[in-house]
Amino acid sequence: QQAQSPADLADNYNNLGDAYYGLEKYDSAAYFYQQGIIHYIPNYAEPDPLSNPDMRQEVTFDVPLLLNTLAAKGKALLALYQQTQEHKHLQAAYETFITSDQMVEIVRQSYLTQGSKAALVKEAKPMYEQAIKTCDQLYELTQEARYLHSAFNFSEHSKAVILLDAVRVTRILKEDLPAQTSKQIQNAQAK
C-alpha cells in the first residue's frame with residue numbers, strides 16, 4: 001500500500017475534525033484540525049490546538065485548504081469556550097483567527113492564480129464572521145478595547161476580500177466579453 005501524502009493526511013484529519021465538531025466534541029475537533037495544520041505546513045509540529053503556526057514563513061502549502069482548517073479550528077475553539085466557559089479556549093480562538101487573517105493578507109499580496117484567490121474569498125468570509133463574534137465575546141468578558149479594534153479590523157479585512165472578488169469578476173468579464181458587449185457596458189455605465 002502506498003503511503004499517503006501530507007495533503008491527503010491533512011484532509012483525513014480535517015474530516016475527523018468535522019466529524020467530531022458535528023458530534024459537539026469540540027476538544028477532539030480542535031485536536032484533529034491541529035493535526036491537519038501540522039500536515040499542511042512543513043517544519044511545523046506543535047500538537048497543542050491552543051498554538052498556531054507563524055504565517056510569515058514562505059507559503060508552500062495549499063492556501064485555501066489551510067485557511068479552511070485554521071478557520072474550522074477557530075470555530076471549534078469558540079464552540080469549546082461556549083461549552084466549557086474556559087477563557088483559554090476563547091483566547092485561542094481569537095489567536096487562531098488572527099493567524100487566519102495573516103494568511104489572508106499573504107494571499108492577497110501574492111501572485112497566486114485567480115482560482116486561488118476565488119477560493120480565498122469563499123473561505124475568508126465565514127472566517128471573518130466567526131472572528132468578529134469571538135472579538136465581541138472577548139470584549140464582553142474583559143471590557144478591553146483592543147478586542148473592539150480587532151473586530152473593526154476583521155470587518156475591514158472582510159470588506160477587502162469581498163472587493164478583491166469583485167475586481168476578479170470584473171477582470172474575467174472584461175477578458176471574456178466580446179468587444180461589442182464591452183462597449184455596451186461602458187456606454188451604459190457612462191449614462
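Asn14 touches Tyr33, Gly36, Tyr40 and Thr69, leaving out residues up to four places away in sequence; contact here means heavy atoms within 4.5 Å. The model is a predicted one, in which local features need pLDDT of at least 70 and side-chain atom pairs count only at pLDDT 80 or more, while totals for chains, interfaces and linings use all residues. Residues are numbered from 1 along each chain as its sequence is written, and side-chain values use heavy atoms, with hydrogens and water left out.

Asn14 sits in helix α1, which spans residues 6-22. Helices (H or I, at least four residues) and strands (E, at least two) are DSSP runs, numbered from the N terminus. Asn14 has a relative accessible area of 11%, so it is buried. Buried means under 20% relative accessible area, exposed over 50%, and partly exposed in between (1.4 Å probe, protein chains only).

The protein as a whole has seven helices and zero strands. Along the sequence the pattern reads α-α-α-α-α-α-α. The protein has 191 residues, and 39% of them count as buried. Contacts between residues at least 6 apart in sequence were also examined; 61% of these join residues at least 24 apart. The protein exposes about 10,900 Å², and carbon and sulfur atoms supply 51% of that area. Accessible areas come from the Shrake-Rupley method with a 1.4 Å probe; for residues, only the protein chains shown count as cover.

Two packed helices are described by the angle between their axes and the distance between the axes. For α1 and helix α2 (residues 26-40), the angle is about 165° and the axes are 8 Å apart. That makes α1 roughly antiparallel to α2. Axes are lines fitted to C-alpha atoms, for helices over the stretch in contact, and angles run from 0 to 180 degrees between N-to-C directions. Angles under 35 degrees count as roughly parallel, over 145 as roughly antiparallel, 65 to 115 as roughly perpendicular and the rest as oblique. The residues of the contact of α1 with α2 divide into twelve nonpolar, six polar and two charged. Ala, Val, Leu, Ile, Met, Phe, Trp, Tyr, Cys and Pro count as nonpolar, Asp, Glu, Lys and Arg as charged, and the others, Gly among them, as polar. On the α1 side the contact includes Leu9, Tyr13, Asn14 and Tyr20.

Most residues other than glycine have a negative phi. Glu24, in the loop between α1 and α2, has a positive phi near 65°. Asn43 lies in the loop between α2 and α3. Its phi is also positive, at about 65°, although Asn43 is not a glycine. Asn43 counts as exposed, because its relative accessibility is 83%.

Helix α3 (residues 63-84) holds Leu78. Leu78 has a relative accessible area of 1% and is therefore buried. Beyond its neighbours within four places in sequence, Leu78 contacts Leu90, Ala93, Gln130, Lys133, Thr134 and Gln137. Leu78 and Leu90 are twelve residues apart along the chain, with their C-alpha atoms separated by 5.5 Å.

Gln82 is also placed in helix α3. With a relative accessible area of 36%, Gln82 is partly exposed. Gln82 is in contact with Lys133 and Gln137, again leaving aside neighbours within four places in sequence.
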